[in-house]
Amino acid sequence: MAEATASPLRLDRLGPVRVEHAALRVVELPLLSPFTTSFGTQTVRRALLVECHGDGLTGVGECVAGLEPAYSAETLGTALEVLRDHLLPGVIGHSAATVEEQLARGAWVRGHHMARAALEMALLDLAGRAAGVSLAAVLGAVTDRVACGVSVGIQPSLDATYTLIEGYLAAGYRRIKLKCRPGYDVELASGVRARFPTALVMLDANSAYRLDDLPTLRRLDAFDLMMLEQPLAHDDLVDHAALQAQLRTPVCLDESVDSVPAARAAIRLSAGRIVNIKAGRVGGLIRAVAVHDLCREAGWPVWCGGMLETGVGRAANVALAALPNFTLPGDTSASDRYFDADILTEPFRLQSDGTLAVPTGPGLGVEVDPARIAATTQHHERIG
Ligand code: OSB
Ligand code: MG
């Protein structure tokens, strides 16, 4: 066990901002190509944005919940309801001494991590703008650029997968994550390893296997994979521990680490060796830093996951990925890997060294483009 290290979190750099009113907005962006995982295919990203207004400033947060309760129990619909009826009313018009105190007004709400995380992102953006401090500085960033990987969905053929990988490697992506499922796994890993002998490659099963599949999963050990992400059930840790004990390939947990206590349990049980951190899944950026800190103390590397975010959520991911224990390339790809046009005035671009620049401006450090917001908005309601 590594020595305990102080958390890089610097919430003391922020003061509170009174939220005078808020808005919930749903934007829809077509994906450039369908994204298929072991649980389904997505052709659009419909994202819920939380906008908090106060002191003449606006803070914005993106909720990562999907349209269907497949990756997580939360959906865009449940998040909309929880934010409108339960979380925002606790914040609007109330004074608090800190952002944490503001958030504590919703501490009674059980679960609904993605809804909570979206509100937290909006409050951190608002408070960062008011204080003139970047989110990256508040979270404890130690770098100005983050290494990027790319998540490749299940394709109609292996050849289509190889062609895509070639393109992403040529663009500069530093790690290739391949979605897999039973029947689309060993041949995929073997074919990719044969064609790209030195590439950093990993698989993500999104919970598609059971411990009974151990013989298949052990065959993956032959292909020098960086890791196997979330092979077993979304709510399991015990079987993941049994699997990791019999697998050379590191197991990375995604769905199963849905809270700070779950991260503690995963580490205690040796249910894997790596965590994919998504702030939405664990209940916000502040808790994401807590998971980062626990993993750092345990000697587990982490990386920043993605949920096909628009530029708003991407800005938060990139800030988080700049923390010290994010030592592996994340699913923080450039805007043009997902969308024809993002909703920002300046999209995220892949730099020549395979990184994205960490925004340095106040708050999230990015600006939404009003014309793109107008063009993509499907629903808008004012709260308070
Ligand atoms: O399992 O990591 C996942 C997207 C939606 C839901 C779950 C996952 C993903 C991805 C995409 O892998 C990562 C990205 O945003 O590029
Ligand atoms: Mg995953």
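In sequence, the residues that donate to the magnesium ion (ligand 2) follow the spacing D-x24-E-x24-D. They are Asp 204 (OD), Glu 229 (OE) and Asp 254 (OD), at 2.1 to 2.3 Å, where donors are N, O and S atoms within 2.8 Å of the metal (3.2 Å for Na, K and Ca) and water is not among the atoms, so sites may look incomplete. This is a predicted model, in which local features need pLDDT of at least 70, side-chain atom pairs count only at pLDDT 80 or more, and totals for chains, interfaces and linings use all residues. Residues are numbered from 1 along each chain as its sequence is written, chains are lettered from A and ligands numbered from 1 in the order in which they are written, and side-chain values use heavy atoms, leaving out hydrogens and water.

**Contacts of ligand 1**
- The side chain of Asp 204 has an N or O atom 3.0 Å from an oxygen atom of ligand 1.
- For the side chain of Lys 278, the corresponding distance from an N or O atom to an oxygen atom of ligand 1 is 2.9 Å.
- Met 307 places a backbone N or O atom 3.3 Å from an oxygen atom of ligand 1.

Conventions: A polar contact is a pair of N or O atoms within 3.5 Å; within protein, one must be able to donate a hydrogen and the other to accept it, and residues adjacent in sequence count only if both atoms are side-chain atoms.
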